[in-house]
Amino acid sequence: MATIFDLFEVSSISEHTTYSKADGNLLGVVDNVDSADLSDGEFDEDDTVQIDGLTYTIDHIQEPSSSGRFSLEDGTDWSFNPQSESNLDVVFLTVSNGDDVRHFIVPNDSYGDMNVQSIRTGEIEDVGGNDAALVSTTDNNVNAVCFVANTMIQTSRGSVPVEDLEIGDLVWTRDHSFQEIQYIISSNLDFNIASEKLKPIIFEQDSLGPGRPSQRLLVSPQHRMLVTTESGATVLVPAKALTERKGVRVARGKRKVTYFHLVFSRHEIIFANDTPTESMFSGQMALRAVPRKCRAEIEDIFGRAILDEFDRSDSAAAPILCVQEAKRNALTFR
């Protein structure tokens, strides 16, 4: 049995197309695609795979014939290019279960952890011989970050539901006192359509320590929480890495959710239901996260100096642990 991770689900596979959540054609990230047919180390047409307990058949396998790119939340672009079918940068898969047809862009493991804002394809062609070597056999840290509606955010007006916040509101931050919200982005997800992997993580009261959170808190799987290690260091860890802790679990019964991104002029530690957690990265990432017509406005707000600042590798508000390391230490955090 082989398992494939980190498949970007998209609405279709097309050349010269930009996929993003803002545009509605980047549907999410799917993990744990299992198949005995993949044990030979290859994707083959007519192989069967298991996705969320359902059996799908691989109908079509494609590869880049010109360059494309992943645009990340820190403003960088990582290209994918034509390569040997023994080690493709990305594989484009179309699978079906009767009338249910799904499309995936599967990155090579060499990309590692990615918070992807958009994917741009170049030219695409069918693989030779109807097969290609497996990619993405390692569970990397790939997703997006946001709060769920009804989360209470500490502001100059007291605790305010995230859905009631407005641009210009002052939010309390750990490092820079009150900071003004530069932009707010919301996304409505229906899990009859969206990937199950995007279902929120529930933190019950006190699950991260006394009063953290002060009441039930729901965030997206990749949203990072600020915790303290055994050595006393404070680090940011993805919510999905903490599900082994008592009171932390996936909201599997959730059928719809509204997520909110809060953008400041820098990456901040803010307080949601009295729990320290991260804001959304800003700068160039923010330009890729909002609709095209709003990007010029965002650039005017942040300015060129802010964009340049967030190109630096030390721009995070606290050290960030990858999913695997966070999982190994989840029970020791306080």
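Trainee: What makes the backbone oxygen of Ser177 and the side chain of Thr173 a polar contact?

Mentor: In this predicted model, the backbone oxygen of Ser177 lies 2.8 Å from a polar atom of the Thr173 side chain. A polar contact needs N or O atoms within 3.5 Å, so 2.8 Å qualifies. The side chain of Thr173 also has a polar atom 2.9 Å from the backbone nitrogen of His176.

Trainee: Nice. Where does Thr173 sit, and why is Thr173 called buried?

Mentor: Thr173 belongs to strand β19, residues 170–173. Its relative accessible area is 0%.

Trainee: Which residues make the nonpolar surface patch, and what is its area?

Mentor: Leu170, Trp172 and Phe178 make that patch, which covers about 250 Å². Patch residues need over 30% relative accessible area, so Trp172 at 34% clears that cut-off.

Trainee: And what makes the patch with Glu123 a negative one?

Mentor: Glu123 gathers with Glu15, Glu125 and Asp126 on the surface. Asp and Glu count as negative, so the patch is one of negative charge.

Trainee: Where is Glu123, and why is Glu123 called partly exposed?

Mentor: You will find Glu123 in the loop between β13 (116–120) and β14 (124–126). Its relative accessibility is 40%, which lies between 20% and 50%, so Glu123 counts as partly exposed.

Terms used: Residues are numbered from 1 along each chain as its sequence is written. This is a predicted model: local features need pLDDT of at least 70, side-chain atom pairs count only at pLDDT 80 or more; totals for chains, interfaces and linings use all residues. Side-chain values use heavy atoms; hydrogens and water are left out. Patches are made of residues with over 30% relative accessible area and no salt bridge: like charges are joined within 9 Å, nonpolar side chains (Val, Leu, Ile, Met, Phe, Trp, Tyr) within 5 Å. Accessible areas come from the Shrake-Rupley method with a 1.4 Å probe; for residues, only the protein chains shown count as cover. A salt bridge is a side-chain nitrogen of Lys or Arg within 4 Å of a carboxyl oxygen of Asp or Glu. The place of a charge is taken as NZ of Lys, CZ of Arg, CG of Asp or CD of Glu. Helices (H or I, at least four residues) and strands (E, at least two) are DSSP runs, numbered from the N terminus. Buried means under 20% relative accessible area, exposed over 50%, partly exposed in between (1.4 Å probe, protein chains only). A polar contact is a pair of N or O atoms within 3.5 Å; within protein, one must be able to donate a hydrogen and the other to accept it, and residues adjacent in sequence count only if both atoms are side-chain atoms.
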